[in-house]
Amino acid sequence: GGLVVAMDGPSGSGKSSVSRGVARALGLRYLDTGAMYRAMTWWMLQQGLDLADPAALAARCGEPAITSGTDPDAPTIHVDGSDVAGPIRSTEVTAAVSAVAAVPEVRARLVAMQREIIGAGDIVVEGRDIGTVVAPDATAKIYLTASAEARAQRRSAELAGTTVEAQQAAMARRDTLDSTRKTDPLSMADGAVELDTTSLTLDEVIDAVLGVVKE
Ligand code: ADP
Ligand code: CDP
């Protein structure tokens, strides 16, 4: 018991697929913290809040009940009892999430919820600040990277109706916002192992992570 694997990195580096594969291989739970920021963002848009007004977001971020299911074969995300797995992946939410995630009160609430879910461990947790802030004492910390081109190629292969160029531009904008925000920006944690996945297959990355965890 007690195993915690922290998986951080930019968008499209492979965090979700690798984390789920590792959790499955080791019989661990899986937590997608990005889905929680997306769920908060979906709720704020739904409420008609002005996302350019951080004080308004800070004042309201305690209201929605956000629940995450941690089965790596069937992760779930609900807001006030509604399944929002589909809507949180919309272009609108994706474009807005970094602004919501930059609000310190939003982060404080979600980080507290994440630590509660992590509890005694046996979990793979993916996000942007897991090794640095959420679980600095994790058993293993992984920082996934891949070239901007590879990340955009992967994401546009998943989504209908977008070009690789448009995807790369949207990702670059979000990477900049996520790594330059004042509170807990995306960065590699002390003691993290960096894995460049540009020319690796998914299975090769999962094997490499399993190797790090067994060390
Ligand atoms: P993230 O969670 O970091 O945004 P995902 O795990 O969602 O990344 O990966 C984005 C897409 O790229 C998925 O379709 C996934 O199957 C694919 N992918 C992930 N890692 C690799 C890899 N090493 N090689 C090829 N495709 C990959
Ligand atoms: O879909 P993608 O992998 O690109 O991103 P995600 O993991 O779903 O995260 C969406 C957004 O949530 C990120 O761009 C960050 O702005 C924010 N996020 C964060 O700030 N901290 C985390 N631990 C996870 C996500």
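Predicted model: local features only at pLDDT ≥ 70, side-chain atom pairs only at ≥ 80, totals over all residues.
View 1. In total, 16 residues surround ligand 1. Gly14, Lys15, Ser16, Ser17 and Arg154 are the closest of them. Sorted by class, the shell around ligand 1 holds nine polar, four charged and three nonpolar residues.

**View 2. Helix H2 packs against helix H4.** Two packed helices are described by the angle between their axes and the distance between the axes. For H2 (residues 33-46) and H4 (residues 91-101), the angle is about 100° and the axes lie 8 Å apart. Angles of 65 to 115 degrees count as roughly perpendicular, and H2 and H4 are therefore roughly perpendicular to each other.

**View 3. Residues of H2 and H4 form the contact between the two helices.** From H2 come Tyr37, Arg38, Met40, Thr41, Trp42, Met44 and Leu45. H4 contributes Glu92, Val93, Ala96, Val97, Val100 and Ala101. Ten residues in the contact of H2 with H4 are nonpolar, two are charged and one is polar.

**View 4. The whole protein has nine helices and eight strands.** Its C-alpha trace spans about 45 × 40 × 30 Å along the principal axes. Of the 215 residues, 38% are buried. Among contacts with a separation of 6 or more, 75% are between residues 24 or more positions apart.

Notes: Residues numbered from 1 in each chain as written. Chains lettered and ligands numbered in written order. Near = placed C-beta within 6 Å. Nonpolar A, V, L, I, M, F, W, Y, C, P; charged D, E, K, R; others polar. Helix = DSSP H or I, 4+ residues; strand = E, 2+ residues; numbered from the N terminus. Buried ≥ 20, exposed ≤ 12 C-beta atoms within 10 Å, placed from the backbone. Contact = placed C-beta atoms within 7 Å. Axes fitted to C-alpha atoms, helices over the stretch in contact; angles between N-to-C directions. Parallel < 35°, antiparallel > 145°, perpendicular 65-115°, else oblique.
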